[in-house]
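Me: Got a model to go through with you. Can you take my questions as they come?

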Amino acid sequence: MATRTQSTRADHKWGMVIDLDRCTGCQACVIACQSENNIPLNDQAAFLDGRAIEWIRVERYWEGDYPDIKARFLPVLCQHCDNAPCESVCPVYATYHNNEGLNVQVYNRCVGTRFCGNNCPYHARLFNYWEPVWPEDFRNQLNPDVTVRTRGIMEKCTFCIQRIRRSTRGGKQVEDQAFNPACVQACPTDAMTFGDLNNPDSRVSHKWEDERAFRVLEALGTNPSVKYLKQVDAHA
Amino acid sequence: MSNSLIKIAVPVIGLVAALVLAFVAYFFVQAWWAQPPAVLGFGDGPTQPIAFPHTVHVTTAGLDCQFCHRTVSTEEAATVPAVAQCQFCHDFTRITGEQSSSPTAEAEIAKLIGDPLEGPEPINWVRVHRLPDHVQFVHAPHIQQGFSCSTCHGDIASMEVVEQVRNLKMRDCVDCHRDNSAPTDCTTCHY
C-alpha cells in the first residue's frame with residue numbers, strides 16, 4: 001500500500017496505527033487521555049453545544065438494520081499531518097511541525113483566532129471557550145507534566161509529548177515500546193500501536209505497511225502520521 | 001457646523017488621540033523593557049518559616065547541594081528535604097557537639113521538632129524561584145550536562161536568605177540553550 005512517509009527528520013518520526021478490527025469502542029482511551037492531559041470534565045451541555053474537549057474521541061457508525069446491525073468504531077485524534085492544514089493558517093506561528101514529526105501547539109503563543117480549528121478536517125482541535133474548572137477533589141490529581149490550558153487557547157492531542165520528552169530527554173536512545181501515549185497504554189484490546197516510524201524494526205513500522213492500512217480523508221493529501229487498519233468482516 | 005466649533009473640536013480630539021496613543025505606547029514599552037519582572041523573590045529574599053542559613057550548611061558544614069536536594073540529578077524538581085532528614089542530621093550533630101549553640105540558632109532548630117506526640121509538621125517554605133505554568137523545566141538534564149547549581153541560582157553558599165539572582169525569562173533560557181547547542185524547539189519546554 002502507501003509507502004512510508006519520506007522524512008528528513010533527524011532521529012524520530014512518531015506515528016500511530018489503530019487496528020479497527022480490534023477496537024471495541026470501549027472509550028478507555030478517551031478516559032486515559034482525559035486524565036493524563038488535564039482535560040476538563042465535559043458535561044452533557046458541553047456535548048450538546050459542541051464544546052466538549054476530547055483530544056481523542058470514538059466515532060460510532062451504525063450499519064444495516066436490526067437484527068443485522070453492526071456498530072463501527074473509529075477513534076479519532078489529531079492525525080499529526082505532515083502536510084497540516086492547521087499550521088499554515090496560524091498567524092502567530094503557535095502551531096508548527098517539529099523535527100520529530102509532531103504537529104505542535106504552543107499554548108503561550110496561541111492568541112485564540114481559531115483559524116486552525118476551522119481548517120482541521122478531522123475536528124481534532126478544540127478551543128477553550130471557558131476557564132477549565134475541576135471539582136475540588138480533582139485538583140490534586142492534575143498531571144504536573146502537562147500545562148493547564150486557560151481560556152482562549154486552542155488545544156489538541158500531543159501524542160503525549162510529556163512522555164516522549166521524559167523518555168528521550170538528553171538525547172537518550174529509546175527502545176521500541178519503551179513508552180506509549182496514555183490512550184495506547186490504556187487500550188485493553190491492544191488496538192493502538194505507537195512508535196518511531198524512522199525505526200524500521202518498530203512494531204508501528206511493521207503495521208504501517210499492513211495491507212489493511214488506510215488514512216482518514218486520505219484524498220485531502222494531509223499525509224497524516226496516524227493510519228487505521230480496516231475492519232474485515234468474516235461473513236462479508 | 002460652525003467654524004468656531006471645528007476650531008475647538010479638532011485640537012480636543014487631537015489631544016485625546018495623542019493621550020491614548022501615548023498610553024498605549026507606554027504600555028508596550030513598559031511590558032517590553034520592564035526589568036526585572038515582578039517575580040517573587042527576585043532581588044529580595046522572602047522571609048522563610050525557619051531562618052535557614054545556607055551559609056552555615058554549605059560553607060561551614062561543607063554539605064554538597066545534592067546532600068539535601070536529592071532528586072536534582074534524576075528528576076524534574078530538586079526537591080526540599082523532608083523534615084525527618086533535617087532532624088536526623090540535627091540529632092546527630094547535637095550528640096557530636098558540632099551544632100551551633102547560639103540561642104537564635106537553637107530557637108530556629110527547635111522549630112523542626114514540632115509537637116512531641118504528633119511528630120514534625122511539614123515546613124511551609126516560601127517558594128523563591130517560580131516559572132510560569134506553561135514552562136516545563138526539568139533539573140535533571142541540566143545537572144547531567146555538568147552545569148553547576150550556581151549557574152542559575154547564584155552563589156547560594158554565601159546567602160543568608162535565598163533570593164533569585166537571574167530573571168529566568170525565556171530569553172535567558174534560550175540564550176544559554178543556543179550557546180550550548182541544546183535544543184531550542186518550542187516543545188523542549190512548552191507542552
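Reply: One term before we start: pLDDT is the predictor's confidence in each residue, from 0 to 100. This is a predicted model, so local features need pLDDT of at least 70 and side-chain atom pairs count only at 80 or more, while totals for chains, interfaces and linings use all residues. Residues are numbered from 1 along each chain as its sequence is written, with chains lettered from A and ligands numbered from 1 in the order in which they are written.

Me: What's the mean pLDDT of chain A?

Reply: The mean is 90, and 95% of the residues of chain A reach 70 or more.

Me: And where does pLDDT stay under 50?

Reply: Over residues 1–9 of chain A. The model has 15 contacts beyond four places in sequence for that stretch, a contact being two residues whose C-beta atoms, placed from the backbone, lie within 7 Å.

Me: How many helices and strands in chain A?

Reply: 6 helices and 10 strands. Those are DSSP runs numbered from the N terminus: H or I over at least four residues for helices, E over at least two for strands.

Me: Switching to chain B. How many residues of chain A are in contact with it?

Reply: 15, and they meet 11 residues of chain B. Helix 4 (residues 161–168) gives the most to that side of chain A, with 3 residues.

Me: OK, and how big a box do the C-alpha atoms of chain A fill?

Reply: Roughly 50 × 50 × 35 Å, taken along the principal axes.

Me: What share of contacts in chain A is between residues at least 24 apart?

Reply: 62%, counting contacts between residues at least 6 apart in sequence.
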